[in-house]
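I opened the model to look up its strand pairing and one of its pockets. My entries follow.

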Amino acid sequence: MPICQLCGFEKDLIKAHIFLRKLYGPIKDSDRGEKQGDKVPIVYSLDKEQKSKQVQSGIIDKNILCTCCDNNLIGPWDTYGQNFLLNPAIISETRLIRNSGNPAYYEIERFDYVKLKLFFMSILLRAEITKDLFFAQVKLGSWIEILKTMILAQDPGSKNEFSIILFRYTGDFSEIIQNPTKERHSGINYYRFRLPNYGFLIKVDHRNFPSQFDDFILNPDSNFLIRCLEYKESKELQQILDIWNEITN
């Protein structure tokens with residue numbers, strides 16, 4: 001019998017979502033991913049050896065999680081996280097703070113820190129334990145056992161453990177998905193994930209993010225600030241263009 005990659009018990013495994021189907025709505029509502037008259041989400045790969053692909057129902061792996069871990073443990077966090085990201089009230093004009101007339105960030109006063117933090121942490125977990133090449137850059141090493149322990153204990157940790165910084169992207173092509181990348185800034189290791197209209201950083205390091213990022217880290221004791229960025233000015237778009245140029249030249 002197969003072994004669940006989270007709880008470690010021999011159990012029947014199910015089709016577990018890594019990137020969730022409900023989040024693909026913004027792609028289907030756009031004209032990207034249109035193929036032969038049918039709108040199908042496109043997932044873009046930043047690895048030259050991999051082709052971008054179209055997916056109908058999220059990215060799924062049937063070899064990683066049992067029903068108890070996927071549905072009963074992670075499921076409520078997925079529901080909360082999806083509803084949070086897709087809630088129009090989160091990005092309403094009343095929450096938007098401007099700087100010199102330009103959108104700077106959305107300020108969220110009420111949210112469930114435990115559910116939202118564990119939602120992002122569980123995406124990192126699933127990206128590590130899957131063998132899907134789309135997540136090939138996610139290699140946590142000894143951190144995976146720390147992450148598993150916290151998730152099984154339903155413990156989101158402090159703001160400086162697996163710190164989360166969330167972005168809201170606007171403009172053309174802001175709804176596309178790209179594979180997660182491992183990055184480093186000021187000596188701090190973290191992963192960059194890309195969801196439709198959103199991106200998030202999750203720190204995998206004992207050291208803290210530089211102090212200038214502190215206000216934007218998901219924190220149980222303060223409002224959550226979601227940075228507002230134009231996708232055409234983003235690092236993610238430049239990564240796609242760089243890879244495209246290497247492939248086509």
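I counted two strands as paired if DSSP finds at least two bridges between them. Helices (H or I, at least four residues) and strands (E, at least two) are DSSP runs, numbered from the N terminus.

The model is predicted: local features need pLDDT of at least 70, side-chain atom pairs count only at pLDDT 80 or more, and totals for chains, interfaces and linings use all residues. Residues are numbered from 1 along each chain as its sequence is written, and side-chain values use heavy atoms, with hydrogens and water left out.

I traced the open sheet: seven strands in the order S7-S8-S14-S9-S13-S12-S11, with mixed pairing. S7 (96–99) and S11 (181–185) stand at the edges with a single partner strand each, so one side of each lacks a neighbour in the sheet.

Next I checked S14 (residues 224–230). It pairs with S8 (residues 102–108) in the antiparallel sense over four bridges. There, Tyr-106 has Ile-226 as its bridge partner. S9 (residues 164–170) runs parallel to S14, also over four bridges. Arg-168 is bridged to Cys-228 of S14.

I then looked at S12 and S13 (residues 198–203), which are antiparallel over six bridges. Tyr-191 finds its partner, Ile-202, in S13.

Last, which strand gives the most to the lining of the second largest pocket? S9 does, with three residues. S12 (188–195) and S14 each supply at least two. The lining has nine nonpolar, one polar and two charged residues (Ala, Val, Leu, Ile, Met, Phe, Trp, Tyr, Cys and Pro count as nonpolar, Asp, Glu, Lys and Arg as charged, the others, Gly among them, as polar). A pocket here is an open set of points on a 1 Å grid over the protein atoms alone, where a 1.4 Å probe fits, with protein on both sides within 12 Å along at least five of seven lines; lining residues have an atom within 4 Å of a point.
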